[in-house]
Amino acid sequence: MPALTDVRHAASAEAQVAALRRLKNELVGQGKRKETLVCDGGIDVVVDILSSSEDDDARLQATLIIATIANGGPAFVTPLLAANAPQVLLDSLAHDTPSKRVTASLQALRNIAAAWRASQQSPQQEIHTRLDLFTRHSIEVFHDLLRQSPPCSARMQHLRLITDLITLSVISDTKKAALSQSPLFEILTALLVSHTVISGLVTWQAEGVQLPPPPQASSVSHIISAICTIVEGSAYRTHRFFLSSTVRALFIGQSWNNTDERHLFSARQGFANTGEPLLPVLHIPAYGTTTYHYGSRAFPAMAALQSKHAKRGNSHYVTFDENLAPGGDMDHANAVCSWLLLLARSAAGHGRLVALRLLALVNNSVDAMDSSDAIVGGHRTEYTQKNRERKKQIAVLGVPLAAKMVQIANESKMAEGSSSAQHADDVLVKEQACDVLALLIRDFDELQIAAVDAGAIKHVCPLLKKTFDPVPLAKPMWSARTAGTGKPADLPLTRQLGSRGLPSEILHAMRCRQSALQALAALAEKEDIHRKAIVEAGVVPCIFDALKPFPSDYAETLAKNRGQVVGPKDGNTTAVLLAACRAAKTMSRSVSLLRTSLIDAGIAKPVFQLLHHTDPEVQLAATDVCINLLLEFSPMREDLIAEGVVKTLADHARRSEPALRVSSLWALKHLVSSSPKEIKVKTIEELGTGWLVGVIRGEHLQQRGHGEVAGGGVSVAGLSTPNAAGEQVDLLNPSSTGMDVDDPDDDQGYDEEEEVVNDDEDGEVMYDELSSTHYQASQLRSTIQQAPSAFNSKRYLSSVREIEQNPSLRARQDDVAVQEQALDFIRNLLNGEDCAGMFDYLLQHIGSAKIFELLTEKLVRVIDAGSSTSARPVYGPSALIISTVNILTHIANALPRHKQLLIAQKPLLQAWLPHFSHPDRKVRVACVWAINSLTWIDDDSDRRDARARAQELRSCGIETAVRQLIGDGDLDVKERAKTAVRQFEQL
């Protein structure tokens with residue numbers, strides 16, 4: 001190129017600047033010229049000028065040229081990264097750079113990030129390169145840029161570009177974690193709060209908290225999008241956002257007389273801080289506002305319906321302490337959700353979508369800490385009421401808003417005369433509306449019902465169908481390399497173009513398809529009636545077509561053919577494959593659909609092919625689908641077995657990835673249930689009895705150096721972590737550690753003056769939601785002095801981080817999940833009419849001593865060596881105990897000689913005995929079921945042996961333990977215990 005030659009041989013700085021300006025003008029919109037520039041080594045020349053020239057004009061023109069080249073798409077990512085262009089651009093920001101060049105550098109970085117992000121969705125794995133724009137040094141530079149004042153137009157442009165960089169380039173959890181703990185994240189959060197204050201949504205009352213100048217309204221969506229990118233995928237990072245000092249000051253600062261008035265932001269008050277409610281006021285019926293522990297005095301039988309956190313025995317009342325509540329500071333969490341709802345309602349287009357996305361992330365993270373059961377305690381009735389209020393508010397105000405955005409995405413058409421900014425906003429709405437809806441309603445059946453009531457299915461399904469229309473390309477396809485020109489191996493990477501990737505039109509269709517499939521997966525998650533509505537909409541064939549991957553050379557084939565129209569069924573990106581597998585998994589939960597629509601669509605074959613996909617995430621997603629396709633009533637089970645699914649799943653089960661191992665064992669567990677003996681034997685031979693025994697004992701965990709109990713399995717004593725009050729909480733079995741405040745023997749974490757015993761003659765302790773006050777139900781309604789809030793956000797965040805990020809804890813939790821599935825696999829082997837034959841098979845290939853040794857190890861109660869004799873017992877994970885006892889039940893359902901073999905295991909019976917008083921009702925139920933099977937008389941010839949078994953159970957104390965369960969608070973346990981006692985008495 002002549003202009004490039006002039007740049008190389010410029011006689012003066014002025015001549016070089018003129019040549020650079022000429023080169024830039026020649027490159028704009030000219031893909032072939034950009035290609036020629038790269039092949040001629042122009043990137044090296046431009047990057048060298050940017051890094052070494054002392055002329056600001058020359059460096060500015062070089063920066064603009066890099067931005068222009070990056071606009072060419074993924075093909076130019078490889079040479080730009082090879083020339084270290086991103087790092088040179090970042091270095092240019094660190095100096096006293098003129099504002100105009102800072103803007104140009106940020107724009108160039110954004111173009112590179114956009115091209116790199118598009119390259120990540122290419123079928124070709126070779127172009128999946130790494131882009132690292134956020135190092136410790138660059139984060140400080142970006143932070144300094146955002147702190148500059150006054151807030152001029154250049155600063156606002158810098159803000160939008162920096163937030164776009166975060167949204168486009170930050171993918172890994174490592175980078176997200178680093179950003180969440182950086183001052184850059186803090187200033188983004190503070191900017192969002194500042195916008196709220198300047199908009200008049202909240203009156204700022206906090207003292208000592210300085211907010212930055214508010215951003216322009218057009219920048220708010222960029223800020224929220226960057227925050228969403230950082231916090232997505234982690235409850236801890238999301239908690240860091242809404243528990244940050246500025247966000248807490250936004251609501252806690254609203255106190256005129258040193259009282260907590262955050263209830264004004266709740267669903268009941270409609271965000272009424274400024275006077276009139278800014279949100280519709282919701283009248284939500286109170287949920288059990290009277291504090292009853294294990295049933296009221298008038299209705300003691302209601303104890304069977306108590307929460308899973310309740311514990312048997314006497315109780316005492318403890319004043320509500322938010323520091324111990326499962327969701328942390330629930331008033332604050334609800335206020336944040338109301339705030340984000342208000343932001344969503346006041347925005348439009350993509351700005352509304354990102355606000356709803358952040359709302360979904362906050363709601364999901366609060367619920368994740370509740371469902372983790374790791375931080376327990378507090379006033380459960382009050383917490384449940386506030387939790388219901390938040391979800392009801394989202395169902396009434398948030399979900400219909402998201403469904404409306406899906407409708408807009410489905411019905412809108414790209415206007416030819418619209419501005420580029422409006423066009424970009426419309427594209428983002430089409431691509432992300434369904435995804436935001438899915439994120440908002442996933443795992444919440446009441447929100448899914450609200451979405452269907454708002455018409456989500458009738459808008460999502462047409463949108464999915466449209467993504468399979470033929471895609472007209474905006475311009476003829478051009479090849480990244482001239483036809484017949486190879487890729488010389490001796491040329492440096494800076495002079496070699498990478499793969500061009502998929503055209504932007506196809507990427508847009510793929511993103512819309514992925515988003516719609518995610519929404520269908522969420523809508524079909526719980527209710528069978530929703531699945532049937534999706535089938536009636538005629539999108540099952542679309543799910544089938546979405547399970548086909550692109551060929552690895554698809555992008556190059558497009559370039560060679562230079563076609564103008566792309567077929568709708570040529571294939572799908574990895575992200576679409578994952579979404580299609582999730583949709584297939586939730587749809588296959590319906591028995592009727594498994595036997596009709598799904599088998600008619602032939603969904604089994606593409607799912608089996610995805611089990612061999614090169615991407616581990618796709619393998620896992622396909623295995624999750626197989627869990628449902630291999631159920632006993634699935635007509636596709638035989639087809640998958642014929643395809644060789646047994647060997648494939650057995651190979652996956654032996655892999656090192658815990659999630660894939662769990663999912664594979666889960667699928668095999670379903671496969672052997674009620675299968676012919678030949679299939680069961682084949683499956684266990686593929687796995688190997690030695691490997692199966694090692695998995696059950698947790699030997700692979702021991703090899704990685706994690707703690708174990710003496711007899712094998714997982715050391716539960718090492719699975720405890722401090723909660724927000726500093727107490728040790730067993731993260732696998734929180735209910736078994738005695739940390740519930742309802743236990744009268746445990747005073748840990750409370751001061752003496754904070755305890756109020758519920759024996760006052762005035763009546764039950766009650767809670768009034770409107771005034772956030774505890775009172776007693778007496779004629780005078782004397783108010784109880786409420787303890788001051790002791791919520792410590794730092795301590796609570798520490799607990800959340802420990803639950804989510806502790807590698808030892810996560811490894812042990814993974815191992816417990818693997819062991820549970822392995823034990824359930826053994827249980828299902830024994831299920832069915834050939835129970836006796838399969839148990840004989842196990843006795844022959846594993847050995848009687850080894851089998852009962854394994855079962856005994858799982859039942860041995862873990863005792864903390866440092867605890868006193870009066871300390872509460874510590875049990876192993878409930879899931880493993882239940883699975884083990886279920887195996888005992890199946891053995892007891894075999895032949896009489898197998899029952900006698902079981903009853904002869906004295907160590908096993910002694911290890912089993914404590915679990916009849918286990919805090920988990922499911923464990924107690926399983927134990928009584930096993931006793932019912934052991935004491936059952938098969939026929940008259942078994943009567944004497946049955947009497948001997950009953951005598952043995954009586955001598956080891958199990959009969960006494962069963963009789964004590966007749967008074968159990970759980971109705972299921974009580975009724976099963978009555979049956980067992982009756983059988984004992986008959987013997």
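Reply: A residue is called buried when its relative accessible area is under 20%, exposed when it is over 50%, and partly exposed in between. The structure shown is a predicted model.

Me: Does K978 count as buried, partly exposed or exposed?

Reply: The relative accessibility of K978 is 36%.

Me: With which residue does the side chain of K978 meet in a salt bridge?

Reply: K978 lies in helix 47 together with a residue 3 places away, about one turn of the helix. An α-helix has 3.6 residues a turn, so residues three or four places apart point the same way. The side chains meet at 3.4 Å, N to O, and the partner of K978 is E975.

Me: Which residues does the salt-bridge network join?

Reply: One of its pairs is R921 and D972, whose closest N and O atoms are 3.7 Å apart. That pair links distant parts of the chain, with R921 in helix 44 and D972 in helix 47 (residues 971-986), 51 residues apart. Salt bridges that share partners make one network of R921, D970, D972 and R976.

Me: Are R921 and D972 buried, partly exposed or exposed?

Reply: The relative accessible area is 33% for R921 and 28% for D972. Each value must be set against the limits of 20% and 50%. R921 is partly exposed, and D972 is likewise partly exposed.

Me: How many salt bridges does the structure hold?

Reply: A salt bridge requires a side-chain nitrogen of Lys or Arg within 4 Å of a carboxyl oxygen of Asp or Glu. D56 and R101 form one, with their closest N and O atoms 3.4 Å apart. In the structure, the number of salt bridges is 31.

Me: How many residues apart are D56 and R101, and which of these two is buried?

Reply: D56 belongs to helix 5 (residues 56-70) and R101 to helix 8 (residues 99-119), so the pair, 45 residues apart, links distant parts of the chain. D56 is partly exposed at 39% relative accessibility. With a relative accessible area of 4%, the buried residue is R101.

Me: How many disulfides does a search of the whole structure find?

Reply: A disulfide is a covalent bond between the sulfur atoms of two cysteines. The search counts a pair of cysteine sulfur atoms only within 2.5 Å. For the whole structure, the number of disulfides found is 0.

Me: How far from C434 is the nearest cysteine sulfur?

Reply: C434 is in no disulfide. Its relative accessible area is 0%, and C434 is therefore buried. The nearest cysteine sulfur belongs to C512, at a distance of 8.1 Å.

Me: Which residues touch the most other members of the largest nonpolar core?

Reply: In soluble globular proteins, nonpolar side chains tend to be buried together. The largest nonpolar core here has 276 residues. Among the contacts of W339 are L192, V193, F241 and F271. The residues that touch the most other members are F241, W339 and W912.

Me: Within what arc do the buried residues of helix 42 fall?

Reply: Helix 42 spans residues 896-903, and its buried residues are H898, K899, L902 and I903. Seen down the helix axis, these buried residues line one face of helix 42, because they fall within an arc of 135°.

Me: Which helices are among those that cover the buried residues of helix 42?

Reply: The cover includes helix 39 (835-845), helix 40 (848-859) and helix 41 (878-892). It also includes helix 43 (906-912), helix 44 (921-934) and helix 45 (943-955).

Me: Where is N84 placed, and what is its phi?

Reply: N84 is in the loop between helix 6 (77-82) and helix 7 (85-93). N84 is partly exposed, with a relative accessible area of 41%. Its phi is positive in a residue other than glycine, with a value near 60°.

Me: What percentage of the residues in the chain is buried?

Reply: The secondary structure of the chain comes to 47 helices and 6 strands. The chain exposes about 40200 Å², of which carbon and sulfur atoms supply 50%. Of the 987 residues in the chain, the buried share is 56%.

Note on methods:
Residues numbered from 1 in each chain as written. Predicted model: local features only at pLDDT ≥ 70, side-chain atom pairs only at ≥ 80, totals over all residues. Heavy atoms only, no water. Helix = DSSP H or I, 4+ residues; strand = E, 2+ residues; numbered from the N terminus. Buried < 20%, exposed > 50% of the residue type's maximum accessible area, 1.4 Å probe, protein only. Areas by Shrake-Rupley, 256 points an atom, 1.4 Å probe, with all protein chains shown as cover. Arc of directions from axis to C-beta. Contact = heavy atoms within 4.5 Å. Core = buried A, V, L, I, M, F, W, Y, C linked by side-chain atoms within 4.5 Å.
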